[in-house]
Each structure stands twice: as structure tokens, then as C-alpha cells.
Amino acid sequence: MNDRERSIETQLIHAGEPRPRIQGAVVMPIFQSSTYDYDGEPNYHDVRYIRLNNNPNQLVLNEKIATLEGTQDALVTSSGMAAISATLLTVLSAGDHLLALDCLYGGTHGFVTKDVPRYDISHSFIDGDDSDSWEQWLTPKTKAVYIETLTNPLLQVADIQAVAKFAKKHGLVSIIDNTFASPVNFRPAEWGIDLVIESCTKFMNGHSDLVAGSVAGKRDMIRHIKERLDHLGGSLDPHACFLLHRGLKTLAIRVRYQNESALKIARYLSQHSGVERVNYPGLESHPQHTRAAELFDGFGGMISFELHGGGETADRFLKKSELAAVAVSMGGPETLMVRPSQAVHSNLSPEERARSGISETLIRLSVGLEATEDIIADFDQALSMVPSATA
Ligand code: PLP
């Protein structure tokens, strides 16, 4: 049987692995060599050199990630932002126009609004929930549409099927940042999206100990992105490849546990009198719950919520939690919490934050691998100082 026909648990362990095994090693060895015997490669991009993204550790990951995403090819990169920047700078040229979701990860928002315009590439933001409104933003120079599977930090779910259809109809390249879901919960290529990006720093690696990214799609597109990345210099170091490779093997069991735990925690938070609002696509009250249930195999390990009271109340709650670390990032074994207005989205102006619905009291939670009941007990004691709705 072909790896592609197997379940994701099996693909995580076996896809892309060298056969026969190298020197019989069950685990892929680290090729800590920057250069290799020159073998007459006529094309610069095929010369075997560490920055040219063809080290054996990089190649194994490319094949494994392509299998997980269900695409022809994939490219591992030195960070999620390296994947995002190399992809956008490949798909777009001077004079082009991009449609982008109006609530993007802060780093991507900064890249699209501050860096990309320097290359004479313009953009318009679209409401991911209102497909009827997209056509008005099209120009003859529109080349691509860029969305995220679950928005950060509000966990909204864009009309992804409509985005794929819209892109096909208008000849645009559709690009999605699937970091919050990972291919365990969602495989956008199955729904017609052209390029799938992951910040592998998060769930893909799952151990909060490296920075990496990936982009997956059709072979010719990935080849173009690789050639751009070769020049931009965003290749992943072999040792980081080894760590990501090791982390990936447990992706399915980690993410499934986080899905289950997050749903229980979201339910707990939503019935607590000190909590004003919970954003989690697994809750029936979430505005796009039906869409999420149709698209996703699981609702993910990310929750955001607002407490009654102001920013200081949110800060006191964060301080009072004994288990959650107050830190950016997500997808690791440790539960993490952060106030996006103070950290992840602090590069947005207060007006931009208000427009995006990011309040001062909003807390983003990345559910770790601790026992769910311990996290709930910890939140219960930490929430005891939060004013209730009726107080
Ligand atoms: N995409 C999303 C949704 C993210 O949350 C992040 C980082 O937090 C990135 C991309 C960027 O990834 P990296 O930090 O690996 O460059």
C-alpha cells in the first residue's frame, strides 16, 4: 500500500523515510554537512548545498509534509514567516495586488502592510465570512488570495470552500496559513486550496523548542518557491530538521488530545460567571460552528476568551494561574496564555485592534498536554478574583 492511502498516524511515522534505512538506522540520522560531492548538476538550484534546501534531512521532511498535506510536494523552511514571505514574494510581482483576510497573524499583517508594499505590491483586506463582498476588491492585477484556517486570536473560520472556488473562478492562487489546525485537523488541499503554509514552530513540532515552517502544494509552484527561498536564505538547519522530524511523529496523538482537552476547557469557561465570552469553534455557540464541523476533523487546541473587568483583571488572572505560562506561541506540551493586545498584536494600532475585535481583556490560550482536570482546577482558583457578570 502507498503511504498516501494510509492514515495520518502511519504517514507521520513512515512517509518519506529512506528505504533501505541508512546504515540500518531506524531513526533518520542528522546530516550535519553543509556541502556534498558535486555530481555534475547543471542547475544552480540542484547543487547539493545546505542553503539550497536539498540536504537529506530537509528532503525527508519535504516528502513527509507533502504526504500529510495531501499535496504533490512541500518545502520545509527556517520559520513560518520564511514560508509566508518566500511564498508571497514568489506568487506576487511588482504591480500585483493581493486579497488578504482582514484578521491575520500579526507578523503576516506587518509583512503585508509594511514590507510587501515596498515591492510595489498592493493589497485589500476581505471579510472571510462574506463571499459576496470579495468581487468588489478584485483588480486586473489581483493575483492571489491569502487566508488563515482559524484566525488569530478570535478563532473565526473563513468560508474556505468559497475562497477556493473564488480563486479558481478568477485565476488567483489561493494560499492558507493552516498553523492553528495542522494537517491532523484540516487538510486545505483536499478542499481546493493551492498552497498550504504551516508555522512548524507550533503544533507540527509540538515541543516549544525550535523555529521552522513549511509550504505545500503543486510541484511546479513549490519548485518556484524553493528557488526564491534559495536566494532569500531561509533554509532549515539539519539539527532543527531532526527535532521537527521527531516532533512530527507524535502530531496526531498530541493534537487529538489537545482537541479533546480544549473542548472541555472551553465548555468550562463558557459557563463560568466571571467569563464574558469564549471563542472556540467547537462550541455550538460559535458563529461558524457548523462550517468548522464540516471542514475540520477536530476543533484544535486554541481558545480565546474575555473576562469581566478590564485589562488589570486579565493580568491578575494570568498571574494567578499556577500551571499556564504567560508566553506567546502555541502548540507545545505546556499550556500558554497571553493577552494579544499586549504581545502578539501589539504591533497593531489601538484602532486596528478595535476594528479586529481584539479587546484589552482578551486572553489567548494554547491548551497543552497537562491533565484537563488540573487545568480546569487551576483556572477555577485563578478565576475566583474575577468579578462575575452580576456583581
Ligand atoms: N502563522 C501563525 C498563525 C502564527 O501564529 C505564527 C507565529 O506565531 C506564524 C505564522 C509565524 O511563524 P514563525 O514564528 O514560525 O515564523
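Buried means under 20% relative accessible area, exposed means over 50%, and partly exposed covers what lies in between, worked out with a 1.4 Å probe and protein chains only. With that in hand, Ser208 is partly exposed, because its relative accessible area is 44%. This is a predicted model, so local features need pLDDT of at least 70, side-chain atom pairs count only at pLDDT 80 or more, and totals for chains, interfaces and linings use all residues. Residues are numbered from 1 along each chain as its sequence is written, and side-chain values use heavy atoms, with hydrogens and water left out.

**The chain as a whole**

- The chain has 13 helices and 12 strands; these are DSSP runs numbered from the N terminus, with helices being H or I of at least four residues and strands being E of at least two.
- For 391 residues, a compact globule would come out near 21 Å in radius of gyration, and the chain, at 21 Å, agrees with that. The radius is taken over C-alpha atoms, and the globule rule is 2.2 Å times the number of residues to the power 0.38.
- Along the principal axes, the C-alpha atoms fill a box of roughly 75 × 55 × 35 Å.
- Of the 391 residues, 56% are buried.
- Take the contacts with a separation of 6 or more: 74% of them are between residues 24 or more positions apart. Contact here means heavy atoms within 4.5 Å.
- The accessible surface is about 16,100 Å², and carbon and sulfur atoms hold 52% of it. Accessible areas come from the Shrake-Rupley method with a 1.4 Å probe, and for residues only the protein chains shown count as cover.

**Around the ligand**

- The ligand is surrounded by 15 residues, and the closest are Met81, Asp177, Ser199, Thr201 and Lys202. A residue counts as near if one of its heavy atoms lies within 4 Å.
- By type, the shell has seven nonpolar, six polar and two charged residues. Ala, Val, Leu, Ile, Met, Phe, Trp, Tyr, Cys and Pro count as nonpolar, Asp, Glu, Lys and Arg as charged, and the others, Gly among them, as polar.
- Helix 3 (residues 80-91) gives the most to this shell, with three residues.
- A ligand nitrogen sits 2.6 Å from a side-chain N or O atom of Asp177.
- On its own the ligand exposes 390 Å², and the protein buries 89% of that.

**Thr77, in strand 1**

- Thr77 belongs to strand 1 (residues 73-77) and is buried, because its relative accessibility is 1%.
- Its side chain reaches the backbone oxygen of Ser79 at 2.8 Å.
- Leaving out residues up to four places away in sequence, Thr77 touches several others, including Ala82, Ala212, Leu229 and Leu236.
- Thr77 and Arg51 are 26 residues apart in sequence and 10 Å apart in space, C-alpha to C-alpha.

**Asn279, in strand 8**

- Asn279 is found in strand 8 (residues 275-279) and counts as buried, because its relative accessibility is 6%.
- The side chains of Asn279 and Arg277 make a polar contact at 3.1 Å.
- Not counting residues up to four places away in sequence, Asn279 touches Leu154, Leu155, Ile303, Ser304 and Leu362.

**Helix 4**

- In helix 4 (residues 106-115), the buried residues include Gly106, His109 and Phe111.
- The buried residues of this helix pack against helix 3, strand 2 (97-101), strand 3 (122-126), strand 4 (142-148) and helix 12 (350-355).

- Most residues other than glycine have a negative phi, and most peptide bonds are trans.
- The Arg19 to Pro20 bond is cis, with omega near -5 degrees; Pro20 is in the loop between helix 1 (8-14) and helix 2 (56-69).
- Asn152 and Pro153 are also joined by a cis bond, with omega about 10 degrees.
- Ser208 has a positive phi, near 50 degrees, and lies in the loop between strand 6 (195-199) and strand 7 (213-217).
- Ser329 has a positive phi of about 80 degrees and is partly exposed, with a relative accessible area of 25%.

Key. Polar contact = N/O pair within 3.5 Å; in protein donor to acceptor, adjacent residues only side chain to side chain.
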